[in-house]
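Please read them beside the sequence and the model.

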Amino acid sequence: MAIPAFRPVSYSCTTLTELMIPSYANFGGKIHGGTLLSLMDKVAYACAAKHAGNYCVTVSVHGVNFLQPVEVGELVSLLASVNYVGNTSLMVGIKVISENVKSGFVKHTNTSYFTMVAKGDDDKPAKVPGLTLETREDARRFLEAIKRKELSKRYQIELDNTKTILHVDEELHLLQQERCKLAF
Ligand SMILES: CC(C)(COP(=O)(O)OP(=O)(O)OC[C@H]1O[C@@H](n2cnc3c(N)ncnc32)[C@H](O)[C@@H]1OP(=O)(O)O)[C@@H](O)C(=O)NCCC(=O)NCCS
């Protein structure tokens, strides 16, 4: 199928709902963070691949903060949409909610952003269709994604600088206020 120049956000909006079964739980009886991460990766892939019309890979993940625990027996829904496209990359926003089916209580566990890159048959990054923003909300998400990308770039530069200018011997005294002890 020929890949169009633009695709609307609604074309690739994807919802994945899964029942939290006992084998997903940790020793404390709550659902493993890794189980949720795996489901997020799955829905991000489905959404990105649908928009791109190509195989996609996960490049980076932002904002994984689990705000509330998820219990066995709850229905978890992951709502994914393409928030931003670059040339070969796209950012998928994923809202995760968990519902107690008996009480009907729904909690928001996290919202995270997966950057995916489309790959062509030659395994090289492949151009993705532009994004048709159908609502004001779509435009807000696109603008927010641009800012998130800028912030992430600045953060990475800061982090790299910190690593290169870190003089361990001169800064060891900072560890005196921390809950660690030197054993060398
Ligand atoms: C991601 C990957 C395709 C980039 O390949 P590359 O040859 O460096 O390609 P480019 O430099 O042209 O970058 C391609 C796109 O990725 C984006 N990108 C690369 N690294 C990125 C990062 N760390 N964070 C966000 N975006 C990134 C670039 O901005 C570019 O986007 P654009 O085309 O929309 O402008 C390559 O590193 C890869 O295949 N990584 C493994 C991914 C994978 O297998 N993931 C599964 C988990 S193991």
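This is a predicted model: local features need pLDDT of at least 70, side-chain atom pairs count only at pLDDT 80 or more; totals for chains, interfaces and linings use all residues.

1. Ligand shell. The residues around the ligand are Val57, Thr58, Val59, Ser60, Gly86, Asn87, Thr88, Ser89, Thr115, Val117 and Pro125. A residue is near a molecule if its C-beta atom, placed from the backbone, lies within 6 Å of it. By class, the shell holds 4 nonpolar residues, 7 polar ones and no charged ones. Here Ala, Val, Leu, Ile, Met, Phe, Trp, Tyr, Cys and Pro count as nonpolar, Asp, Glu, Lys and Arg as charged, and the others, Gly among them, as polar.

2. Residues are numbered from 1 along each chain as its sequence is written.

3. Strands at the ligand. Which strand gives the most to the shell around the ligand? E3 does, with 4 residues. Strand E3 (55-62) and strand E6 (106-119) each supply at least two residues of that shell. Helices (H or I, at least four residues) and strands (E, at least two) are DSSP runs, numbered from the N terminus.

4. Overall layout. The protein chain has 4 helices and 7 strands, and from the N terminus on their order is β-α-β-α-β-β-β-β-β-α-α. Its C-alpha trace spans about 65 × 45 × 35 Å along the principal axes. The radius of gyration of the protein chain is 20 Å, whereas a compact globule of 184 residues would have one near 16 Å. That radius is taken over C-alpha atoms, and the globule rule is 2.2 Å times the number of residues to the power 0.38.

5. An unreviewed UniProt entry carries the annotation "domain: HotDog ACOT-type" for residues 10-122. UniProt positions are given in the numbering used here, feature names are shortened, and annotations may be inferred rather than shown by experiment. Over residues 10-122 the chain is 20% helix and 44% strand, with its end C-alpha atoms 29 Å apart.

6. Helix H2. This helix (residues 33-52) has 20 residues and reaches 28 Å from first C-alpha to last, close to the 28 Å expected at 1.5 Å a residue; the expected span is 1.5 Å times one less than the number of residues. Buried residues in H2 include Leu36, Leu39, Met40, Val43 and Ala44. A residue is buried if 20 or more other C-beta atoms, placed from the backbone, lie within 10 Å of its own, exposed if 12 or fewer, and partly exposed in between. Lys42 is also in H2, and counts as partly exposed because it has 15 C-beta neighbours inside 10 Å. Just after H2, Gly53 takes a positive phi of about 70°.

7. Of the 184 residues of the protein chain, 26% count as buried. Among contacts with a separation of 6 or more, 74% join residues 24 or more positions apart; a contact means C-beta atoms, placed from the backbone, within 7 Å. Thr15, in strand E2 (residues 14-19), touches Ser77, Leu78 and Leu79, not counting residues up to four places away in sequence.

8. A backbone detail. Asp123 has a positive phi of about 70° although it is not a glycine. Most residues other than glycine have a negative phi. Asp123 sits in the loop between E6 and strand E7 (130-132). Why does Asp123 count as exposed? Because it has 9 C-beta neighbours inside 10 Å.

Key. Two residues are in contact if their C-beta atoms, placed from the backbone, lie within 7 Å.
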